[in-house]
Amino acid sequence: MAKEFKLTPERLKALQDELNYAKTVREKEVAELIKEARSFGDLSENSEYDEAKTEQGKLYSRIAELENILSNYVLIDESQMDNDAVRLGCTVTVLDKEFNEEETYKIVGSQEADPMKGAISEDSPFGKAMMGKKEGDDVTVNAPSGPVAYKVVKIVR
């Protein structure tokens, strides 16, 4: 069975737009690069041709990846969720008990994760530990560096 990708409506639209761009505009750009590189002569010693073919391979790989995601996604319906507990698509503010610092994260599907921007995957140790927790709950996250204790301060839909 294929892996299901959990997507918000915004992420679904972004992936559909990316696929459309890749199949229309970008594919033609890469084809033009290959055509131009061929005009330089001997293909066995033509680095421009090699680079263009490599770019084409990356493009086709990304198109296949996008098509796989878009044929196996599940839309996150935030209206059907328990408003009191941490779920996909919500933003959770936690208190790091060791450092007494508040941190805010958005819990997202694996395709949307971007830890540098505070978007944490539900599949990560933090995401798994937070799922289903309510405001005021103490949570221990089994991080690679060892257990980290948090307290759920606020949950926002």
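This briefing covers the helix pair, the sheet, the nonpolar core and a few single residues of the structure above. The model is predicted. Helices α1 and α2 pack against each other with their axes 9 Å apart. Five strands form an open sheet with mixed pairing. The largest nonpolar core has 18 residues, and strand β7 gives the most to this core.

**The helix pair**

- Helix α1 covers residues 9-38, and helix α2 covers residues 47-71.
- The two helices pack at an angle of about 160°.
- An angle over 145 degrees counts as roughly antiparallel, so α1 is roughly antiparallel to α2.
- The crossing of α1 past α2 is left-handed.
- The contact of α1 with α2 has 16 nonpolar residues, along with two polar and ten charged ones.

**The sheet as a whole**

- Read across the sheet, the strand order is β5-β4-β3-β7-β6.
- The edge strands are β5 (119-121) and β6 (138-143), and each of them pairs on one side only.
- From one strand to the next, the twist averages 45°.

**Strand pairs, taken across the sheet**

- Strand β4 (residues 101-108) runs parallel to β5, and three bridges join the two.
- In this pair, lysine 106 stands opposite alanine 119 of β5.
- Isoleucine 107 has isoleucine 120 in β5 as its bridge partner.
- β3 and β4 run antiparallel and are joined by six bridges.
- Here leucine 95 has glutamate 102 of β4 as its bridge partner.
- β3 and β4 also form a hairpin, with four residues between them.
- β6 and β7 run antiparallel too, and six bridges join them.
- In this pair, aspartate 138 stands opposite lysine 151 of β7.
- The hairpin from β6 to β7 passes through two residues.

**The largest nonpolar core**

- Among the 18 residues of this core, seven touch the most other members: Val86, Val92, Val94, Phe126, Met130, Val141 and Tyr150.
- At least two core residues come from each of β3 (91-96), β4, α3 (125-130), β6 and β7 (146-156).
- β7 gives the most, with four residues.

**Asparagine 100**

- Asparagine 100 sits in the loop between β3 and β4, in the turn of the hairpin that these strands form.
- Its phi is near 50°, a positive value in a residue other than glycine.
- The relative accessible area of asparagine 100 is 59%.
- Residues over 50% count as exposed, so asparagine 100 is exposed.

**Glycine 136**

- Glycine 136 lies in the loop between α3 and β6.
- Glycine 136 has a relative accessible area of 38% and is partly exposed.
- Along the chain, glycine 136 and valine 153 are 17 residues apart.

How values were computed
Residues numbered from 1 in each chain as written. Predicted model: local features only at pLDDT ≥ 70, side-chain atom pairs only at ≥ 80, totals over all residues. Heavy atoms only, no water. Axes fitted to C-alpha atoms, helices over the stretch in contact; angles between N-to-C directions. Parallel < 35°, antiparallel > 145°, perpendicular 65-115°, else oblique. Left-handed = near helix turned anticlockwise from the far one by under 90°. Nonpolar A, V, L, I, M, F, W, Y, C, P; charged D, E, K, R; others polar. Pairing = 2+ DSSP bridges. Core = buried A, V, L, I, M, F, W, Y, C linked by side-chain atoms within 4.5 Å. Buried < 20%, exposed > 50% of the residue type's maximum accessible area, 1.4 Å probe, protein only.
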